[in-house]
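Trainee: I have a model open and would like to go through it with you. Could we begin with how the chains meet?

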Amino acid sequence: MSNQADFKSAERIYNQLCAVLDSYDWKYVSNEQEKTVSFVMTGEDVPMNFTACVDAERQLIRLLSPLPFKFAENKRLEGAVVTSAANFAIADGCFQYDVTDGETIFVITTSYRGSLISDETIRYLIACSVAVVDEFNDKFLMVAKGVMSMEEFVEKY
Amino acid sequence: MDDYQLKQAQATYKTLRETLDAMNLKYDHDDNAMEIISGAVGDDLPVAIRFCVDAERMLIILHSMLPFDVPQQRRHLMAVAVSRVNYGMADGSFDYDVSSGGIVFRVTSCYRDSLLGSETFEYMLTYAFFVVDKYNDLLEKIASSDMTLEEIINAVG
C-alpha cells in the first residue's frame with residue numbers, strides 16, 4: 001500500500017469526486033473504504049453503468065464503464081477489431097476488450113501525482129466517458145448481433 | 001480555442017519542458033505547435049516519444065509510435081493481440097489502426113483548470129517507456145508470425 005501522504009491525497013480526490021457528483025444531484029453508491037463511486041446514466045439507447053475509483057497506489061483517477069453485453073464466441077474476432085478501431089478514433093480513454101469472454105469496458109484515467117486537480121477535470125472525465133460510451137455502445141451491439149459487419153464499422157470510423 | 005485555453009496550454013507546456021530539462025532528457029521541440037519529440041533505446045526496439053499539448057481538449061498526450069506496420073494479411077488477427085495487451089492495463093492504451101496496420105501507445109492527462117506537477121509528466125514518460133518496451137517486441141513478433149487467435153491469446157498471457 002502507498003504511504004500516508006498518498007493516502008491523504010487519495011482521500012482528498014475521493015471527497016472531491018463525491019462533491020462533484022453531489023453538485024449534479026446524481027444518485028450514486030459510494031464505498032469510502034475502496035474509494036469508489038458507482039452511478040448509472042441513461043444514454044440515447046443502451047444504459048450506461050459507471051464506476052469511478054481513486055487508485056492511491058498509482059495516484060490515478062479511473063472511470064470505468066462496463067458495457068451491458070458481451071461478444072459471443074463466434075464474434076470475438078469482430079469484437080477485437082471494432083474496439084481497436086474505436087480506440088484509434090478517440091482522443092482520450094480506451095475500450096478494454098477481453099477476447100477470452102467478449103466483455104468490453106470503457107476506461108478513462110488521469111494522473112493526480114504532484115498535481116492540483118480541479119472539479120472541471122473530474123467533470124470532463126465523466127462527460128467524456130458518457131459521450132464516448134454513448135457513441136459506440138449501440139454500434140458495438142450491432143456488430144455483436146451481426147446487424148453490422150466489422151468492415152462497415154471500420155469504414156465508419 | 002480561446003485565450004484562457006491558450007494560456008493554460010502554454011503554462012502546461014512550460015512545466016513539461018522544465019520537467020524534461022530537469023531530467024536531462026535530450027529532445028527536439030516545436031514551441032508553436034507545443035510538441036516535443038524524443039526517444040530512447042529500449043531492451044530491443046527503439047522507443048519513440050512524442051508529447052503534445054492539445055489546447056482545445058486541454059489534454060497532455062504522449063504518443064509512442066511502434067517502429068513497424070502490421071502486414072495486410074495479419075491486420076484483423078493483430079487486433080486480438082492489441083486487445084489482449086490493453087485489457088486490464090492500469091493506464092494508457094495501444095491504439096491500433098486496423099486500416100494501415102500502425103500501432104501507437106497513448107497515455108494522457110487532463111489539465112482542465114488544474115495544475116499538473118512535474119511528477120505527472122515524469123510518470124507519463126517513465127510509464128510509457130516501461131509499457132512500450134515491455135510489449136513492442138512481442139507485438140512485432142506476433143505481427144510477423146502465423147500465430148492463430150488461440151496462440152496469440154496464449155502468447156500475450
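Trainee: How many residues of chain B are in contact with chain A?

Mentor: Bearing in mind that this is a predicted model, 38 residues of chain B are in contact with 39 residues of chain A. The area buried between chain B and chain A is about 3200 Å², and carbon and sulfur atoms give 57% of that area.

Trainee: And how many salt bridges are there across the interface of chain B and chain A?

Mentor: The rule finds 1 salt bridge across the interface of chain B and chain A. The side chains that meet in a salt bridge are those of B:Arg84 and A:Asp98, with a distance of 3.6 Å from N to O.

Trainee: Which elements of chain B supply at least two residues of the side that touches chain A?

Mentor: On the side of chain B that touches chain A, at least two residues each come from helix 2 (75-86), strand 5 (93-96), strand 6 (103-110), helix 3 (118-143) and helix 4 (149-156) of chain B. Helix 2 of chain B gives the most to that side, with 7 residues. Sorted by class, the side of chain B that touches chain A has 17 nonpolar, 12 polar and 9 charged residues.

Trainee: OK, stepping back, what does the secondary structure of chain B come to?

Mentor: Chain B has 4 helices and 6 strands, and from the N terminus on its elements run α-β-β-β-β-α-β-β-α-α. Taken along the principal axes, the C-alpha atoms of chain B fill a box of roughly 50 × 30 × 25 Å.

Trainee: How many of the 157 residues of chain B count as buried?

Mentor: The share of the 157 residues of chain B that count as buried is 55%. As for contacts in chain B between residues at least 6 apart in sequence, 58% of them join residues at least 24 apart.

Trainee: Give me one residue from helix 1 of chain B. Is B:Gln8 buried or exposed?

Mentor: B:Gln8, which is found in helix 1 (residues 3-22) of chain B, has 12% relative accessibility and therefore counts as buried, the cut-off being under 20%. If its neighbours within four places in sequence are left aside, B:Gln8 is in contact with B:Met58, B:Tyr111, B:Arg112, B:Asp113 and B:Ser114.

Trainee: Switching to backbone angles: what is phi at A:Lys35?

Mentor: A:Lys35 has a positive phi of about 55°, although it is not a glycine. A:Lys35 is found in the loop between strand 1 (29-31) and strand 2 (36-42) of chain A, and with 7% relative accessibility A:Lys35 counts as buried.

Trainee: And what about phi of B:Met34?

Mentor: Phi of B:Met34 is near 55°, a positive value in a residue other than glycine. B:Met34 is found in the loop between strand 1 (28-30) and strand 2 (35-41) of chain B, and B:Met34 is buried, with a relative accessible area of 8%.

Trainee: Now the rings. How many aromatic pairs does the structure hold?

Mentor: Over all chains the structure holds 18 aromatic pairs. In one of them, the rings of A:Trp26 and A:Phe39 have their centres 5.6 Å apart and their planes at 35°, so the pair is tilted.

Trainee: Where do A:Trp26 and A:Phe39 lie?

Mentor: A:Trp26 lies in the loop between helix 1 (4-23) and strand 1 of chain A, and A:Phe39 in strand 2 of chain A, so the pair ties together parts that are 13 residues apart in sequence. A:Trp26 counts as partly exposed at 26% relative accessibility, whereas A:Phe39 counts as buried at 4%.

Trainee: Which residues do ring pairs link into a cluster?

Mentor: The cluster linked by ring pairs consists of A:Phe69, A:Phe71, A:Phe95, A:Tyr97, A:Phe106, A:Phe136, A:Phe140, A:Phe153 and A:Tyr157.

Trainee: Last one, what is A:Thr83 in contact with?

Mentor: Leaving out neighbours within four places in sequence, A:Thr83 is in contact with A:Phe95, A:Tyr97, A:Thr104, A:Phe140 and B:Ser83. A:Thr83 has its place in helix 2 (residues 76-89) of chain A and is buried, with a relative accessible area of 1%. A polar atom of the A:Thr83 side chain lies 2.7 Å from the backbone oxygen of A:Gly79.

Terms used
Residues numbered from 1 in each chain as written. Chains lettered and ligands numbered in written order. Predicted model: local features only at pLDDT ≥ 70, side-chain atom pairs only at ≥ 80, totals over all residues. Heavy atoms only, no water. Contact = heavy atoms within 4.5 Å. Buried area = accessible area lost by both parts, 1.4 Å probe. Salt bridge = Lys/Arg side-chain N within 4 Å of Asp/Glu carboxyl O. Nonpolar A, V, L, I, M, F, W, Y, C, P; charged D, E, K, R; others polar. Buried < 20%, exposed > 50% of the residue type's maximum accessible area, 1.4 Å probe, protein only. Phe/Tyr/Trp six-rings, centres within 6.5 Å; stacked < 30°, edge-to-face > 60°. Polar contact = N/O pair within 3.5 Å; in protein donor to acceptor, adjacent residues only side chain to side chain.
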